[in-house]
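Let's take a walk through this fold together, one packing arrangement at a time. Have the model open beside you as you read.

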Amino acid sequence: MAGRTTPHSLTKPVGNITRGTTAVNRLRRSDRWLINDEFVADRLRGAPDPLVVDLGYGASPWTTFELAARLRTIRADVRVVGLEIDPQRVVPGRDGVTFARGGFELAGLRPVLVRAFNVLRQYPEAAVGEAWSTVLAGLAPDGLLVDGTCDELGRRCAWILLDRDGPRSLTLAWDPFTVERPSDLAERLPKALIHRNVPGEPIHALLTAADRAWAHAAPMAPYGPRVRWRAAARALHAEGFPIRHYRRRLRDSVLSVPWSAVAPLGTS
């Protein structure tokens, strides 16, 4: 296909080597969200070159292969490139997935989607803006960045969706059977928010309200945590929080809001 890009071996990687912790199926919740979110799926379907970059996949590439398999359910010709700044982690490609050395500069690629999970968590908060700017500058015109974090088993996840204009939304997703209350995800907030979970900040107000709504929905507990969370989410929306409603019933508990609802005070 004309216009397809490949990793540029002469591009100097930007970033630091991270711990590289990974595990099979760790990022399943964000993958499920990517293929079920209409906005993201439409961007991928409409891309002239459906190139996706998995940035900082870690010591093993399992989650990169899983990402490719899941994205192919909505676009069969998707191309996935895993980038790692540590050259010792770059492995031979297979199953239609390739790997190369690269960092926030994306090795000269112009992807329509970049997933960077558990990467910026290992950076200082002050470094987030520059890292975002570097990645966003390398995206295709309608490209998207997912900057997220999760726990070791992928039961508690949080991510920010950005386009070339900046952050668009925050999404929290969790295993409804192992998380006691929404604020348990506070320790897994992306770096841009994790230090802002203090009284007076919008993210703290959201999590506090989510816990309150969850407690008020306790009468629904006999019907299971998914039903209880749907009731809690409706209560949150009634309070004025712009909780996104998903038309299909999701396997995970999901709380998604526009970035404007949680943006740290003093930022645009």
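## Two helices at an angle

α1 and α2 are roughly perpendicular to each other, because their axes meet at an angle of about 70 degrees and 65 to 115 degrees counts as roughly perpendicular. The two axes lie 5 Å apart; axes here are lines fitted to C-alpha atoms, for helices over the stretch in contact, and angles run from 0 to 180 degrees between N-to-C directions. Helices are DSSP runs of H or I with at least four residues, strands are runs of E with at least two, and both are numbered from the N terminus.

In α1, residues W33, L34, I35 and N36 meet E38, V40 and A41 of α2, where contact means heavy atoms within 4.5 Å. By class, this contact has 5 nonpolar, 1 polar and 1 charged residues. Ala, Val, Leu, Ile, Met, Phe, Trp, Tyr, Cys and Pro count as nonpolar, Asp, Glu, Lys and Arg as charged, and the others, Gly among them, as polar.

## How to read the model

This is a predicted model, in which local features need pLDDT of at least 70 and side-chain atom pairs count only at pLDDT 80 or more, while totals for chains, interfaces and linings use all residues. Residues are numbered from 1 along each chain as its sequence is written, and side-chain values use heavy atoms, leaving out hydrogens and water.

## The sheet

Now for the strands. An open sheet of 8 strands runs in the order β3-β2-β1-β4-β5-β6-β7-β8, with mixed pairing; two strands pair if DSSP finds at least two bridges between them. β3 and β8 (253–258) each have a single partner strand, so one side of each is left without a neighbour in the sheet. On average, neighbouring strands are turned by 20 degrees against each other, direction ignored.

β1 and β4 pair in the parallel sense over 3 bridges. V53 stands opposite V114 in β4. α2 lies across β1, β5, β6 and β7, running at about 135 degrees to β5.

## An enclosed helix

Why is helix α3 (residues 62–71) described as largely enclosed by the rest of the structure? The reason is that 7 of its 10 residues are buried, meaning under 20% relative accessible area with a 1.4 Å probe, protein chains only. These buried residues are T63, T64, F65, E66, L67, A68 and L71. They pack against the helices α1 and α2 and the strands β1, β2, β3 and β4.

Conventions: Buried means under 20% relative accessible area, exposed over 50%, partly exposed in between (1.4 Å probe, protein chains only). Angles under 35 degrees count as roughly parallel, over 145 as roughly antiparallel, 65 to 115 as roughly perpendicular and the rest as oblique.
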